[in-house]
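Here is a friendly briefing to read alongside the sequence and the 3D view. Please keep both open as you go through the points.

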Amino acid sequence: MTQQQKVKRVRDLVDGVLLLDKPVGLSSNDALIKAKRILNAKKAGHTGTLDPFATGLLPLCFGEATKFSQDLLEADKTYVTTVHLGVRTDTGDTEGQVLETLPVDVTVEQIEAVLARFRGPIAQVPPMYSALKRDGKPLYEYARAGVVLEREARNVTIHKLELVKYAAPFLQLEVTCSKGTYIRVLGEDIGAALGCGAHLNALRRTGVGALRAEQMITAEQLVAHAAPLTLLSPVDALLSSFPGVDLTPELAKRFLQGQRLPLGKEPEVVTPAPYEGRVRVYEGQRLLGTGVLGEWAILAPERLIAAAQS
């Protein structure tokens, strides 16, 4: 078949969110490409990568949902991780080469004391094996060439750091953290503080913002499902942490035209007062987009759903 004879595949306009349970060994981008093909979706994007060795919650956004994917990039994340004490690797996880092996002789009391030091605001030095770029090239390319560059520490916040189980040399932890946190680095730093070094043996993401692992679909379920589009959550699943505002048809029309609306003067509209910030905006059951509710209950449009505008 010649290039001219090839028929271009027609993709569908698919809107929604797939909460994928990413398996080990699959990159986040490969997972996205696979799901996009199965759903025959025209437009898709993910909301932050998981390392190939990691598993768990990977929200994939399709169509109009991609407009709100940035919110999940900014959201807090929750993980369950197994830290292998006594073994350091060059990548900080199981995919790297072993650099050092040390004896492990720590107690639960010592572990708890160390964990307390990592709760709250901390500074982390990004790992060389990361996708952060320097002069247009990701750091992992320098690392693979044996080059180590200076990296500035970044401020992150560990909201929760709990010991789930300790069976030497394995330490299982549950972590809730701010965006930009490297769990590999956290595991290495905990190992260093315990005096025995460490690397991540396993990592599973169980939460992204308000999204939770209980809602996930496995790759096998996606492939085998007779109607995979029914597995999608609605676009507003990404916005569940925002209060909702329900507009009248006339106000909805003005909102979609980009007008600012003084809702305090609209007795038919109930606002989440006293509140100032981002809101989900509806006309009945129809999602119109997001807006910002400001002083005096003035609603300013932010991101609009294209289907609602048509």
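Predicted model: local features only at pLDDT ≥ 70, side-chain atom pairs only at ≥ 80, totals over all residues.

Residues are numbered from 1 along each chain as its sequence is written, and side-chain values use heavy atoms, with hydrogens and water left out.

**The annotated residue, Asp51**

- An unreviewed UniProt entry carries the annotation "active site" on Asp51; UniProt positions are given in the numbering used here, feature names are shortened, and annotations may be inferred rather than shown by experiment.
- To find Asp51, look in the loop between strand E2 (44-46) and strand E3 (55-62). Helices (H or I, at least four residues) and strands (E, at least two) are DSSP runs, numbered from the N terminus.
- Asp51 counts as partly exposed because its relative accessibility is 27%. The scale is: buried under 20% relative accessible area, exposed over 50%, and partly exposed in between (1.4 Å probe, protein chains only).
- Setting aside neighbours within four places in sequence, Asp51 has contacts with Lys22 and Arg184, where contact means heavy atoms within 4.5 Å.

**Salt bridges**

- The structure has 11 salt bridges, each defined as a side-chain nitrogen of Lys or Arg within 4 Å of a carboxyl oxygen of Asp or Glu.
- One of them joins Asp51 to Arg184, with the closest N and O atoms 3.3 Å apart. This pair links distant parts of the chain, from the loop between E2 and E3 for Asp51 to helix H5 (residues 183-194) for Arg184, 133 residues apart.
- Arg184 counts as buried because its relative accessibility is 7%.
- Asp71 and Arg278 form another salt bridge, whose closest N and O atoms are 2.4 Å apart. Here too distant parts of the chain are linked: Asp71 sits in helix H2 and Arg278 in strand E17 (residues 277-283), 207 residues apart.
- Both Asp71 and Arg278 are buried.
- Arg278 also forms a salt bridge with Glu302, at 3.0 Å between the closest N and O atoms. Glu302 belongs to strand E19 (residues 298-304), 24 residues apart from Arg278.
- With 33% relative accessibility, Glu302 counts as partly exposed. Through shared partners, salt bridges join Asp71, Arg278, Glu302 and Arg303 into one network.

**Strand E12 and its partners**

- How much of strand E12 is buried? Of its 11 residues (198-208), 8 are buried, so the strand is mostly covered.
- E12 pairs with E3 in the parallel sense over 2 bridges; two strands pair if DSSP finds at least two bridges between them. Gly56 has Arg205 in E12 as its bridge partner.
- With strand E4 (residues 77-85), E12 pairs in the antiparallel sense over 9 bridges. Val83 stands opposite Leu200 in E12.
- E12 also pairs with strand E13 (residues 211-212), in the antiparallel sense over 2 bridges. The bridge partner of Val208 in E13 is Leu211.
- The hairpin of E12 and E13 has 2 residues between the strands, and Gly209 takes a positive phi near 60 degrees there.

**Cysteines and Thr66**

- How many disulfides are there? With a disulfide taken as a pair of cysteine sulfur atoms within 2.5 Å, the count is 0.
- Cys61 is in no disulfide, and its nearest cysteine sulfur, that of Cys177, is 19 Å away.
- Cys61 counts as buried because its relative accessibility is 0%, and Cys196 is buried with a relative accessible area of 2%.
- Thr66 lies in the loop between E3 and helix H2 (69-74). Beyond its neighbours within four places in sequence, Thr66 is in contact with Lys43, Ala44, Gly45 and Cys61.
- Thr66 is buried, its relative accessible area being 16%.

**The annotated domain**

- The unreviewed UniProt entry assigns residues 184-238 the annotation "domain: tRNA pseudouridylate synthase B C-terminal".
- Over residues 184-238 the chain is 31% helix and 27% strand, and the end C-alpha atoms are 27 Å apart.
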